[in-house]
Amino acid sequence: MTEMVYGTVSVRDSEPVLPKWWRTVDKWSLSCILMLFGIGILLGLAASPPLAERNNLDPFYYVQRQAFFGGLALTAMFLTSLASPVMVRRLAVIGFLIAFVALAMLPFLGTDFGKGAIRWYSLGFASVQPSEFLKPGFVVVAAWMMAASQEINGPPGKLWSFALAVAIVLMLAMQPDFGQACLVLFGWGVMYFVAGAPILLLMGMAGLVVFGGSIAYEHSEHFARRIDGFLSPEIDPNTQMGYATNAIQEGGFFGVGVGEGQVKWSLPDAHTDFIIAVAAEEYGLVLVLCILAIYAAIVVRSLIRLMRERDPFIRLAGTGLACMFGVQAMINMGVAVRLLPAKGMTLPFISYGGSSLIAGGIAVGMLLAFTRVRPQGEIGDILRGRTR
Amino acid sequence: MIRTPLRPLARILEARQKGENPDAIVRENLRIRHEQMRDRARNRAEGRLLVLGVMFFCAFSVIGVRMGVLANSEPSEPRAQVAGASIIAQRADIVDRRGRILATNMDTYSLYAHPQQMIDREKAIKELVRIFPELNEDRLRKDFSGPRKFLWVRKKLSPEQKQEVHDIGEPGLLFGPREMRLYPNGHLAAHVLGGSGFGREGVHSAEVVGTAGIEKFFDEELRNPAREGAALELSIDLTIQAAMERVLDGGMRLMNAKGAAAVLMDVHTGEVIAISSLPDFDPNDRPANPTKGSPSDSPLFNRAVQGVYELGSTFKIFAASQAMELGLVTPDTVIDTSPPFKIGGFKISEFNGKNYGVQTVEGIMVHSSNRGTGKIALAIGPQRQQEFLESLGFFKPTGLEIVEAAGGKPLLPKKWTDLSTVTISYGHGLSASPLHLAAGYAAIANGGHTVTPTLLKQSRPQLGPRVMSEATAASARVMLRKVVTEGTASFGDVPGYSVGGKTGTADKPKENGGGYYKDKVIATFATMFPTTDPKYVLILTLDEPSENSGDKPRRTAGWTAVPVAAELIGRVAPLLGLRPEVEPLQQAPIVLSRN
C-alpha cells in the first residue's frame, strides 16, 4: 500500500481487462453488430458475383475481401471498445487530425477511379476514403469541444466545432460528396441538440426550412419538378430506382429464393448502395425487417444507455456516433424504398467496401466504448430528490 | 432548489474573521455550481436523447412499413407497364353522319431495343430484317453495336409482327404498349381525316396527335378528356364518299386527267356530304410531305379545298343572277354578243372564235357567251360585282374544319379594273377552290341564302344572309337547267333527277406566269339537283383532262367533267334518298277503230 501511495508500484485496476470489458460492454449492441456483419457476408455472397464476373475475377473474390476486411473491422472494433473514453478521445483526435490532413490533400494526391469525384487514395491493394475515417473522429472532437464549453470558464466549443463542421462540409462538397457532407452536418446538429441548443433557435430553424422550402417550391420550377418527380408514383423502370422498387416487389414476404434474384445483374451498385434491394428480392421482407430492427436496436439502445451518462463528453460523442450510424442506414434504405431522393450512401457493415467497413468498425467500437457500464452516481440520482 | 450564490460572502467574511483561507470556500462554491450546471445539462440531455430515440424508432418504423407496403404490392409485370403511366385518355373516335367509324384507336405495341442487354445481336438483326423488310441491316448493326442504351425500332407493330419478334427470344428487344390511330376505311375521305402521328413519346405510352386534316383541326377537342370519348360526328356520308371516289377515280382515268376533285354539298346546311381529291393517300400510312416538285401534284394536296383555280364559265351564272337581282336584265333581255367587244384595249373573244349573234340572257348562259356575260358584268360595274362575290365567300378561305382550308385562299386581281370585271364574270382572273364554288352555287340552289361549308353534322338548316331574291334564284335555276337540256352540258342529264348546272373550261395559267397553256385546261362542272327543289350541289373538277375518242382531243368540260358528274349523280342520288321523277310513259293513244 505504501509503495502504491508513493508510486513505486503502479496502481492496478482490480479487475482484469477482458472480464471487465465483457461485464460492462453492451452485449445486445455487440451481438447486433456481429449479426449485421454476418448478414453482410451473406448478402455479399448473393450480390457480388455479378461484379466479380464483370471484372473477370473468381465469383466470390469480393466475398473473400469482405470477410478479410470484416475481420479487420471487427478487430478494430474490439480493440477500440477496450479503451477507456479518455484513451478513445486521444486516439480519435489524433486520427481526426490525420484524416483531416488527408482530406485536405485529396485534391492533389487522390484518385477518382473514373467516377467523377476525387474521394480516394489508392494504396495498390486497396483504396482508402479519408472521409469515412474523418466522420467518427470529427464526432469525438466536436463532442470534446462542446463538452468543454459546458465547463465554467470553458472555451466557446460550440462555435469552434461548428466552424470545424463547416470547413469539413465545404471540403466534402468540393469533391463533391454531398451525402457525406450532409452526414457530417447532421452529426454536428444532433450533438448540438443534445448539448442544449436553445429551443427558440430550433423552432426558428424548422420554420425557416419549411418557409424556404415552400418558397423554393412556389418559385423555382426546377426545384418543384424535382420534388414532384420524387413524389409521383411513376418511375422509369430502367433507372436504378425502378430496378430496386421492382426487386422489392418481386421479393414479397419471403423472397424469390437464395440466388434466384435478378436485380443484382442489372444494378451496377447492387453490392453497395442497393444491397437492400438484393436482400429484399432474394430473402424477402422478413430479412429486410430483421436488418431494420437490428439497426434500430443498436441506435435506440445506445441512446437509452447514454441517457443516464453523467459525463457530457461521453454523452455527446456517443450520441453523435450512434445517430450518424443510424442515419446512414436510414438514408440508404429510405432511398431504396423511395422515401428519400437518390443519394449514394452505403449500408454500414452490410455494403461491400474496405475502408467503410474498417471505419465503421472503429466508429462502432468507439460507440461501444462510450456505452460501457460506468458508475454513474446512481445513488446520487436516487437521493437527488432529497439532497439539493 | 436553493440557488447557490456566486460568492458566499457571509461565509467568506466569517472565514476571514476566523483567519481561515477563504479561497477554499470559493472553490467549494464553484464546484457546487458546476455540479448543479452539469445536472441541469444532464437532465435536459436526457429528455432530448429520449426524443432522438423516439424519432429514430419512428423513422425506422416508417421505412419498415414502406418496405412492407412495397413488398405487398404486385410487381409490375411486364416491367414496361407501370400503373398510372398513361399520358392521355383515349382520343375520341371520328364517325360519319350515320355513325359509321372513320377513325378509331387500336391497342398495339411499339418495339424498342436495349442493345446492351442483347445476347445475340447478329441473330436479332437478321430476324428483325426478315420481319420488317424495310429496315436496313447495316444501319441496325451500327445502332446496336454503338454505345446507345435505348433505341426505337418500330413505332407500331401488328399482332403478328409482335409475335414474330417475341419468338426471336431476344431479351434486349422490348415492347411498349401503344395506342394507334386506325382509319378502317383506308383511302376513303383521306384528305378530310388527314392523319395522325405520335407526339410526346414514353416507353409506356405515347400521345396520338393529329398531323393534318380534321384530326389536326380538332386535335385539342379530340384529346379533351372532358369529351369522355364522345365521337366527333362529321357531315360526311361514308357510302356517298365511297361512290364519289369510285366514280371520280374511273372518270379521272377515262378522261386522262392528272387530278380530280369533287364536292357534294347540302344546299340548306352547308354540310359537305362527300369531298374528294385525287390522287389521294392512305391516312394509316400518311406519306411524308414532298420535298421536291410542285406541292400541288402531291397526293397530300387537297384539290377540292387547297387548290385554287380559275373556274371558267361556271362563274357566268353569278353575273346573270346579280344583274337580274339588280333589275338590270330579265332572262329575256336581248344582248348583242357579236364582235367586236373591246375593253381596256383587250379583245374579248368566244370559245373557238364563235359568234352567237343576238341572244337573250338565257341564251347567253346556255351557249356560254363570254362577250354577252362581259356586257352584263359591265352594266353591274366593278364595285357591285366585288360586293356580290364577297358576300358569296369568294374573297377569303372557306373556313372548312380542316387545317388545309386556310391554304385555300382565293387569288384576286390586284386592281379591279373594268377588264377584271369582264374577265371575272366568265371565270378568269379570279382563282377559287371548288369548295368556294359549291358554296356559291348553294346560294342559288337554296333560294338566295349564303351557306358556310362545314364538315360537322348539322341538325337544322344553317342559312346565312340573303344575297338574292327567291325569284332571281329560281330564274337562275331555270337557266342552269336549260344549260343541261339545251346547252353545253347536254351529257349531264340524269333521267329523273332534273340536273341543272354550268360547265367551265379554263386554260391553265403557266406556272412561271406569262400566259396560258393552249392544251391544258381545268374542266369544271358545277351542278345542282334536282332543279325543281334543289337539295344538293355537286362541283366536279378535272385537272388537265383530255377525251381522246374523237379525231382530236376534246378538253372542254362538256366532254370531260360533265359525263363524269352525270355518272356520279346517277349513282349517288338514289343513295341520298332522292326519288327520280319518272315522267309518265306516253300512253299508247287509243284509237277508235271501226270497220
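This briefing describes a predicted model with chains A and B, topic by topic. Local features need pLDDT of at least 70 and side-chain atom pairs count only at pLDDT 80 or more, while totals for chains, interfaces and linings use all residues. Residues are numbered from 1 along each chain as its sequence is written, and chains are lettered from A and ligands numbered from 1 in the order in which they are written. Chain A has 17 helices and two strands, whereas chain B has 17 helices and 18 strands. Helices (H or I, at least four residues) and strands (E, at least two) are DSSP runs, numbered from the N terminus.

**The two chains overall**

- Chain A has 388 residues, of which 44% count as buried.
- Chain B has 595 residues, and 44% of them count as buried.
- A residue is buried if 20 or more other C-beta atoms lie within 10 Å of its own, exposed if 12 or fewer, and partly exposed in between, with C-beta atoms placed from the backbone.
- In chain A, 69% of the contacts with a separation of 6 or more are between residues 24 or more positions apart.
- The corresponding share in chain B is 71%.
- Two residues are in contact if their C-beta atoms, placed from the backbone, lie within 7 Å.

**Where chain A meets chain B**

- In the contact between the chains, 44 residues of chain A touch 37 residues of chain B.
- On the chain A side, two or more residues each come from helix 9 (178-194), helix 12 (240-251), helix 14 (275-307) and helix 15 (312-336).
- Helix 14 of chain A gives the largest share of that side, 14 residues.
- By class, the chain A side has 28 nonpolar, eleven polar and five charged residues.
- Here Ala, Val, Leu, Ile, Met, Phe, Trp, Tyr, Cys and Pro count as nonpolar, Asp, Glu, Lys and Arg as charged, and the others, Gly among them, as polar.

**Helix 3 of chain A**

- Helix 3 covers residues 27-47 of chain A, and its 21 residues should span 30 Å at 1.5 Å a residue; its end C-alpha atoms are 30 Å apart, which agrees.
- The expected span of a helix is 1.5 Å times one less than its number of residues.
- Buried residues in helix 3 of chain A include A:Cys32, A:Leu36, A:Phe37, A:Gly40 and A:Leu43.
- Among the elements that cover the buried residues of this helix are helix 5 (61-82), helix 13 (263-266), helix 14 and helix 16 (354-370) of chain A.

**Transmembrane regions in the UniProt record**

- An unreviewed UniProt entry places the feature "transmembrane region" at several spans of chain A, including residues 28-47, 316-337 and 349-370.
- UniProt positions are given in the numbering used here, feature names are shortened, and annotations may be inferred rather than shown by experiment.
- Residues 316-337 of chain A are 95% helix and 0% strand, with end C-alpha atoms 31 Å apart.
- Residues 349-370 of chain A are 77% helix and 0% strand, with end C-alpha atoms 19 Å apart.
- For chain B, UniProt (unreviewed entry) places the feature "transmembrane region" at residues 49-69.
- That span of chain B is 100% helix and 0% strand, and its end C-alpha atoms are 30 Å apart.

**A five-stranded sheet in chain B**

- Chain B has an open sheet of five strands in the order 9-8-18-17-16, with antiparallel pairing.
- Strand 9 (272-278) and strand 16 (500-509) of chain B are the edge strands, each pairing on one side only.
- Neighbouring strands of this sheet are turned by 10° against each other on average, direction ignored.
- Two strands pair if DSSP finds at least two bridges between them.
- Strand 8 (residues 259-266) and strand 9 of chain B pair over six bridges, and B:Ala262 stands opposite B:Ser276 in strand 9.
- Strand 16 and strand 17 (residues 516-529) of chain B pair over nine bridges, with B:Asp507 opposite B:Val521 in strand 17.
- These two strands form a hairpin with six residues between them, and B:Gly513 in the turn has a positive phi of about 80°.
- Eight bridges join strand 17 to strand 18 of chain B, and B:Ile522 stands opposite B:Asp543 in strand 18.
- Strand 17 and strand 18 of chain B are also joined by a hairpin, through six residues.
- Helix 9 (residues 238-254) of chain B lies across strand 8, strand 9 and strand 18 (536-543), running at about 30° to strand 9.
- Axes are lines fitted to C-alpha atoms, for helices over the stretch in contact, and angles run from 0 to 180 degrees between N-to-C directions.

**A further hairpin in chain B**

- Strand 5 (residues 195-201) and strand 6 (residues 206-212) of chain B pair in the antiparallel sense over five bridges.
- B:Gly195 has B:Ala212 in strand 6 as its bridge partner.
- The hairpin that joins strand 5 to strand 6 of chain B runs through four residues.
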